[in-house]
Amino acid sequence: MASAHPEAYVVVFGRTQVGKTTLLLELMGVDGSSVDRVSAVLRGGRGKGQSATATVMEYGRSTDTSWSLKMPNQSPQSYADDAGACAALGALREQMESQKLRLEGPVRLDIPCDCFVPLNDRHASVRMLDLPGDQASNPVEQRHVELVAERYVAGADLILLVGKMDDLSFLKPGGLLLPGIEDWQIVPERFRIVTTYSFTAGSVRTAVRKGLKVEQIRIRLLEQLETFGRLSSDARRTDLLFPLEFGQSLERTTQHDPELVDQIVPVVDALKRELAHQINT
């Protein structure tokens, strides 16, 4: 997918606690050893397992080893240490939740360059816009999300719709209400459906043990999507579907069933490489 930008601009849309942050960090190329560090800063002082999104956030790579936080229409603020960046994001969350802050665009956060691995075929040269998929906590934040969607989604190179494999209801008709998102079946080539916890169900694990291939897994996902109604003919392309597994669920599986993980990882890695390629081309 050709981009007019030196790096692709990708919107990530989905509910909280489905693995969006882990997905976008991995696609951007954050080193595995730095994921916990980066995630802790993004949570802005909240505990592990809580939402990492203070508001609509745009993530990119910093040109140096400092964090850079830029509010709309303001100069960027640089933070040489994690504690300073974490405190700034925590303060931002408090302002948004108390309705004291009105923003005209996303907050941009550049992550220190030493948190990344060199770009390869599993990662994309990309700037990510994290667009909340749940109802916002207050009317000010909800209107902010809508404004950002109106202004930024239309110019995105690609839009990732992210949800858990066992909870795809947000994709059913009427579940996607933000501008530029609700019509995904009309222009499906601009969208990719990414599921997390895709190999959690016992039936899927049994099928993987029997040698289930990538295309078969995608067909199973398509069948799950169509339990909410048949998709348009253009939206039924399996190359738009990316059933993935990463983060905590994969770690738990590794502890309890390492042989199964040996079968899952090559499939997931192939899908991640394909997704990165689609973003970059």
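**Close-up views of a predicted model**

View 1. Buried means under 20% relative accessible area, exposed over 50%, and partly exposed in between (1.4 Å probe, protein chains only). Strands (E, at least two residues) and helices (H or I, at least four) are DSSP runs, numbered from the N terminus. The model is predicted: local features need pLDDT of at least 70, side-chain atom pairs count only at pLDDT 80 or more, and totals for chains, interfaces and linings use all residues. Residues are numbered from 1 along each chain as its sequence is written, and side-chain values use heavy atoms, with hydrogens and water left out.

**View 2. The neighbours of E8.** Strand E7 (residues 158-164) runs parallel to E8, joined by 6 bridges. Two strands pair if DSSP finds at least two bridges between them. Val162 has Val194 in E8 as its bridge partner. E8 also pairs with E9 in the parallel sense, over 3 bridges. Here Val194 has Phe242 in E9 as its bridge partner.

**View 3. The whole sheet.** The open sheet has 9 strands in the order E4-E3-E5-E2-E6-E1-E7-E8-E9, with mixed pairing. Its edge strands, E4 (77-79) and E9 (241-243), each pair on one side only. Neighbouring strands are turned by 20° against each other on average, direction ignored. Axes here are lines fitted to C-alpha atoms, for helices over the stretch in contact, and angles run from 0 to 180 degrees between N-to-C directions.

**View 4. Strands E1 and E6.** E1 (residues 8-14) and E6 (residues 126-132) run parallel and are joined by 7 bridges. Val10 stands opposite Met128 in E6.

**View 5. Charges over rings.** Lys164 lies over the face of Tyr197, at 4.7 Å from the ring centre. Arg218 lies over the face of Phe242, at 4.8 Å from the ring centre. A charge counts as over a ring if NZ of Lys or CZ of Arg is within 6 Å of the ring centre and within 35 degrees of the ring normal.

**View 6. Helix H3 and its ends.** Asp81 caps the N-terminal end of H3, with a side-chain oxygen 3.2 Å from the backbone nitrogen of Ala83. The buried residues of H3 are Ala85, Ala88, Leu89, Gly90, Leu92, Arg93 and Met96. Just after H3, Gln99 takes a positive phi of about 60°.

Terms used
Polar contact = N/O pair within 3.5 Å; in protein donor to acceptor, adjacent residues only side chain to side chain.
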